[in-house]
Amino acid sequence: MMRIDDNSDTESVQSDKASYSGPLAGPPNKKRSARKSARFNIPPETSSQLKTSSVTRRDDDDAYVEITLDILDDSIAVHSVQAAGGAKGEDPELALLAKKTLEKKSSLGSSVFRSTSSRIKQVSQELKRFASLSRRPSARHFDRTKSAVTHALKGLKFITTKAGGGAAGWPAVEKRFDELTAPTNGHLHFSLFCECIGMKDSKEFAGELFHALARRHNITGDSIDKAQLKAFWEQISDQGFDSRLQTFFDMVDKNADGRITEEEVGEIISLSASANKLSNIQKQANEYAALIMEELDPDNVGYIMVQNLETLLLQAPNQSVRVGDSRILSQLLSQKLKPTQENNPLRRWYQKTKYFIMDNWQRLWVMMLWLGIVASLFTYKFVQYRHKAAYEVMGYCVCTAKGAAETLKFNMALILLPVCRNTITWLRNKTKLGIVVPFDDNLNFHKVIAVAIAVGVALHAGAHLTCDFPRLIHATEEAYEPMEPYFGEEQPSDIWWFLKGVEGVTGIIIVVLMAIAFTLATPWFRRNKLNLPVTLKKLSGFNAFWYSHHLFVIVYVLLIVHGIYLYLTKEWYNKTTWMYIAVPVALYACERLIRAFRSTIKPVKILKVAVYPGNVLTLHMTKPQGFKYRSGQYMFVNCSAVSPFEWHPFSITSAPGDDYLSVHIRTLGDWTRQLKTVFSEVCLPPTGGKSGLLRADCSQEGDGPNFPKILIDGPYGAPAQDYKKYDVVLLVGLGIGATPMISIVKDIISNMKAKDQETEDIQITVETTPDHDNGNRKKKNKKTFKTKRAYYYWVTREQGSFEWFKGIMNEVAEMDEKGVIELHNYCTSVFEEGDARSALITMLQSLHHAKNGVDVVSGTRVKSHFAKPNWRQVFKKIAIQHPDSRVGVFYCGAPALTKDLRQLALDFSHKTTTKFDFHKENF
């Protein structure tokens, strides 16, 4: 019996094609069918396991099972499995088993029918095996539905979209082939295969792919011609699932016997780990191979088949997508959130202006106030000299020079305030000024003022040297006569007369020292971006920046002297330079004295030192008495063994509730490199399963190693410390930028537990405590901590980086009983999910995490993702899950990502009901 109709994955439409009885392959002229049914003989002991309806069946039907197949253009799916003889009851377990056994996709519809009969012969054997397995807990089966196949296809791509696959990508491959084979008369050696197909960064993987394809095409040599390359290309860029699966299987099955042994699995794991720079997985390849064999070879036959790999690929959608996420997922897909283009240019301008003011009103009023003061001072001095005798000789040049000088006095005083860290920390912690003053932009404001100083110096010195001094030199005796009280009876004869005086010498030295400090503070020098000769390397890096910036002490002394010896001002009360800078210099001097005093009276003792992969040094030290800080803040560290004068800032990674202080320091410059060296000398390789490449532990009572002396100063305010005022926070750390975020996630858990405990205490004492006291307590809790949900994204380049915070991540995952924090780790060295080079890593990761609860990439309970996050999707998900909320976005890391995250925060704030406040720290 057989019926034919068209069918899809979710619905069936009856066809008017004639029914056919005969072999399953069908009549010769029939090119496609959609649903077929057939009977298969099964052993009596198996048929007894089948669930049947109460309808009486013939005895000869008892040994048969009826299987109905849904046949698409390129695949076979089992529609139902039921007892023969008209019974309607279906055994779902048998259906799943048959689906797992039968559903094999082919590239062409005609090949489906040719291969169906041979595949269905396996059913009776599988059903017999099912009878013995039915007594065990039923294993999870996965069917080849459209969603499963779609996911599997995405998870097994040999050619990415960037490389260009199929016919569209062949011209580029052909061009590279012609270039690479020009010296070899059109024969491509396998060592160049990676470069030819666009896998230059995965040479070993491409080599194994070459040999697998060569075995499939019966090629024995190490070189191929263009026609063979095209055949290779067509196979690896084939969009069919079976083709991709077979290619991957052939890569693992090196002896081409159709079976994969544990040794072969270990080799391909090692190869995949090497391609993705996962050294830890590569070291444990044999252990992970045993895990895969245990899962896919439960009967211990010693090998697995291609069907087993298929099962592993098809299982992902059912295990990774929760039913509860479907509503949110559909909203994510339907909401484009693309800004609509306004046709009216005036409206466009109005919207852009409105959004700009809304997003930057704090910065705008500060900048407008500052510019207003600078412009007023310049105008005041310009007008004042416009009415003096010097104007008759020197003209507008002297007015410009004096106006610029007045702005220089103000800016030289103001530039110290943004770096008075203790004062700023006190203001943001103890006052409400943070609502209107953007304290997070203190260093940016410092740089803006520096630019204004450079402009002021250029105007002041340029007007003097190129305009008013030359006019004075060439003035007539009659015109010069009013200037004699200021420049002497003898008229200056050349410009050298001005330069050799106290005013000239101090001015030149100030300009030179400022030029040195400004130049070495630029990103090119400070971050070692210039390729300088070895002899000039000392002129770049943080050390050069640090020492050159301390030339300001000399600059301010000379500035006072320069302001006393003025040509055109003789009265002491009109010499106002010292008046401008007195208070800021005194305040900054007090700050430096407080730092020196505080660091000496609050000594710390090193408790633990560890050196981790990625050149990261971790220091755990005792917490000084009275040292109170907030998560997200930082402190300065000094090590006299490296330099007695240098202090460097590092984020505090311990939580305020911890009984110790900790910092994680990455070696990015001279000072950090030397610090790691002096501490590595007292460390040893870890023992007892402890983490790190090197480590040294010391209890507070024991003697322990002789650690170098460390001084600390702080804590100081940072943008991330304000996370508590948001109901929802998005924490993003790039590389070592995860340091302040780690402290925050620990603090959130501690605060949530403390809040729950306080709520319980209030409920217990509600009858004995006056109502107004309870109300005050609740208001205090609400004011100090508002966070209810946190999303943490850590993006790092190396697998070894996860060891930096391995213990902390596990601790947070264990403490977070209510699921307050959603943790996401991203390893960018691994090829994106879907690339064949990471396919086996993805399979292994899912198996290992499901069985042991530990991620194979990070070594923590937090499952890792591959490649870079899709930040638009991250923001979209948060916007949908938290409508009408204000989300704090805190980023710490390299400046490269700052622009993208800030723009996304603005876009989603403008286009959704969720408002994102962006805060950043760059290093």
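**Entry 1**

I looked up A867 and noted it as buried, because its relative accessible area is 17%; buried here means under 20% relative accessible area, exposed means over 50%, and partly exposed lies in between, with a 1.4 Å probe and protein chains only. The model is predicted, so I kept in mind that local features need pLDDT of at least 70 and side-chain atom pairs count only at pLDDT 80 or more, while totals for chains, interfaces and linings use all residues. Residues are numbered from 1 along each chain as its sequence is written, and side-chain values use heavy atoms, with hydrogens and water left out.

A867 lies in the loop between β18 and α35 (871–881), where helices (H or I, at least four residues) and strands (E, at least two) are DSSP runs numbered from the N terminus. I also noted that phi of A867 is near 65 degrees, a positive value in a residue other than glycine.

**Entry 1: other backbone points**

N615 also has a positive phi, near 60 degrees, and is not a glycine. I then turned to the peptide bond between G714 and P715, which is cis, with omega about 0 degrees; P715 belongs to strand β14 (residues 710–716).

**Entry 2: the chain as a whole**

I noted 36 helices and 20 strands in the chain, and buried residues make up 48% of its 923 residues. Of the contacts between residues at least 6 apart in sequence, 72% join residues at least 24 apart, a contact being heavy atoms within 4.5 Å.

**Entry 3: aromatic rings**

I noted 30 aromatic pairs in the structure. One of them is F469 with F498, stacked at 3.9 Å centre to centre and 5 degrees between the planes; rings of Phe, Tyr and Trp (its six-membered ring) pair if their centres lie within 6.5 Å, and planes under 30 degrees apart count as stacked, over 60 as edge-to-face and the rest as tilted. This pair links distant parts of the chain, since F469 sits in helix α21 (residues 442–473) and F498 in helix α24 (residues 496–499), 29 residues apart. Both F469 and F498 are buried.

I next looked at Y793 and Y826, whose ring centres are 6.1 Å apart and whose planes stand at 25 degrees, so the pair is stacked. Here too distant parts of the chain are linked, Y793 in strand β16 (residues 789–796) and Y826 in strand β17 (residues 821–827), 33 residues apart. Y793 and Y826 are both buried. Elsewhere, I listed F190, F193, F210 and F232 as one aromatic cluster.

I also looked for charges over rings, which requires NZ of Lys or CZ of Arg within 6 Å of the ring centre and within 35 degrees of the ring normal. K388 lies over the face of Y385, at 4.4 Å from the ring centre, and R526 lies over the face of F545, at 4.2 Å from the ring centre.

**Entry 4: α21 against α25**

I returned to α21 for its packing with helix α25 (residues 502–520), at an angle of about 145 degrees and with the axes 12 Å apart; the axes are lines fitted to C-alpha atoms, for helices over the stretch in contact, and angles run from 0 to 180 degrees between N-to-C directions. From α21, A450, I453, A454 and V457 make the contact, and from α25, V511, M514 and F518.

S202 is in the loop between α7 (193–197) and α8 (203–216), and I noted it as buried because its relative accessibility is 2%. S202 and R837 are 635 residues apart in sequence, yet 8.4 Å apart in space, C-alpha to C-alpha. Leaving aside neighbours within four places in sequence, S202 is in contact with C194, A275, F831 and R837.

S651 lies in strand β11 (residues 648–651) and counts as buried because its relative accessibility is 11%. Not counting residues up to four places away in sequence, I listed Q633, Y634, S662, V663, T739 and P740 as touching S651.

R861 and E814 are 47 residues apart in sequence and 8.7 Å apart in space, C-alpha to C-alpha. With neighbours within four places in sequence left aside, the contacts of R861 are N810, A813, E814, H849 and G853.
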